[in-house]
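Subject: Structure handover

Hello,

Here is the structure for you to take over. Please open it alongside this message.

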Amino acid sequence: MFFEEKWVSMNRYVQGLIIILGSIAVTVAVLGGALAWGPHHCKLAFPMVIGCAMGSYESLAGGMFAASAALFAGWLAWSAVQVQISAEEKRAAADRVEIENVLQGDLDYMAEGLSSVWKILAELDRSDDLPAETLTARLEGVIYGIGKITKNISTIRTMITALGWERRRAYERLLEGLERLAEFRDVNHFDVHDALFATMDVSDDFRMLRPETEEYFKGLRQRSHKAWTLGYAIAVQAGVGDKYYEEDDTGEN
């Protein structure tokens, strides 16, 4: 394995030179062996011995040269494939960097909008006596914001296919959260509490993927995204998250 990795990483021209010189050396060694153990009718004087050996062992010499040519041709084809693979890997790496840069900018844009949606929903969740016109206007603004935040879900899903599995899984979790948020589009049947919970939930994914977006959510009531373990998420879904985890924090059994 070590030799194979070294050989692949070696300069292509160096590889070609090694194969050519190696083929010549093997051919000379085989013909030398044939002269040493075969009929001794060739005069051992350079360079006449070379012509004599090739003439005496014409079939052997032809076979050796044919094998060397086949080996060199095979190496040319293999090295061309390796060059193509290397170029594709470099291009894929460059694509991943570009995609991450684009997505990081998108995350900033969406997180800033999400923080505004969160603030409005939090205010509505605390207010029970807003005039109908004011409530409708606020909800329409929230729905507009949600539409802007979630409009590029399909494009982002296509882009992340070029990323590694770990990053792709994190982005998929974000996109699933955005899809849940995108369901809140009907101003006449808008559940403020559920929309607020969905907003808070997806904000964790933004901060996991881009910690810099933390600044957009400063001052908003939330738990640290680091506290959302699987156990805590299960307890929250069962409605006993605060009870169980507050008991653990205080050391009670």
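Below is what was found, from the whole chain down to single residues.

Please keep in mind that this is a predicted model.

**Overall**

The chain holds 10 helices and 0 strands.

**H5 against H7**

Helix H5 covers residues 132-150, and helix H7 covers residues 165-182. Their axes come within 10 Å and cross at roughly 150 degrees. Angles over 145 degrees count as roughly antiparallel, so H5 is roughly antiparallel to H7. The crossing of the two is left-handed.

Which residues meet there? H5 brings Ile146, Ile149 and Thr150. H7 brings Leu178, Leu181 and Ala182. By class, this contact has 5 nonpolar residues, 1 polar residue and no charged ones.

**Phe190**

Phe190 sits in the loop between H7 and H8. Is Phe190 buried or exposed? Its relative accessibility is 12%, and buried means under 20%, so Phe190 counts as buried.

What does Phe190 touch? Leaving out residues up to four places away in sequence, the list is Leu121, Leu139, Val142, Ile143, Ile146, Phe184 and Ala195. One of these, Ile146, also takes part in the contact of H5 with H7.

Phe190 and Thr136 are 54 residues apart along the chain. Their C-alpha atoms are separated by 9.9 Å.

**Asp204**

Asp204 lies in helix H8, which spans residues 192-209. Its relative accessible area is 9%. That is under the 20% cut-off, so Asp204 is buried.

The side chain of Asp204 has a partner in Arg207. A polar contact of 2.3 Å joins the two side chains.

**Where to look**

- the crossing of H5 and H7, with Ile146, Ile149 and Thr150 on the H5 side;
- Phe190, in the loop between H7 and H8;
- the side chains of Asp204 and Arg207, joined by a polar contact.

Over to you.

Best regards

Terms used. Residues numbered from 1 in each chain as written. Predicted model: local features only at pLDDT ≥ 70, side-chain atom pairs only at ≥ 80, totals over all residues. Heavy atoms only, no water. Helix = DSSP H or I, 4+ residues; strand = E, 2+ residues; numbered from the N terminus. Buried < 20%, exposed > 50% of the residue type's maximum accessible area, 1.4 Å probe, protein only. Polar contact = N/O pair within 3.5 Å; in protein donor to acceptor, adjacent residues only side chain to side chain. Axes fitted to C-alpha atoms, helices over the stretch in contact; angles between N-to-C directions. Parallel < 35°, antiparallel > 145°, perpendicular 65-115°, else oblique. Left-handed = near helix turned anticlockwise from the far one by under 90°. Contact = heavy atoms within 4.5 Å. Nonpolar A, V, L, I, M, F, W, Y, C, P; charged D, E, K, R; others polar.
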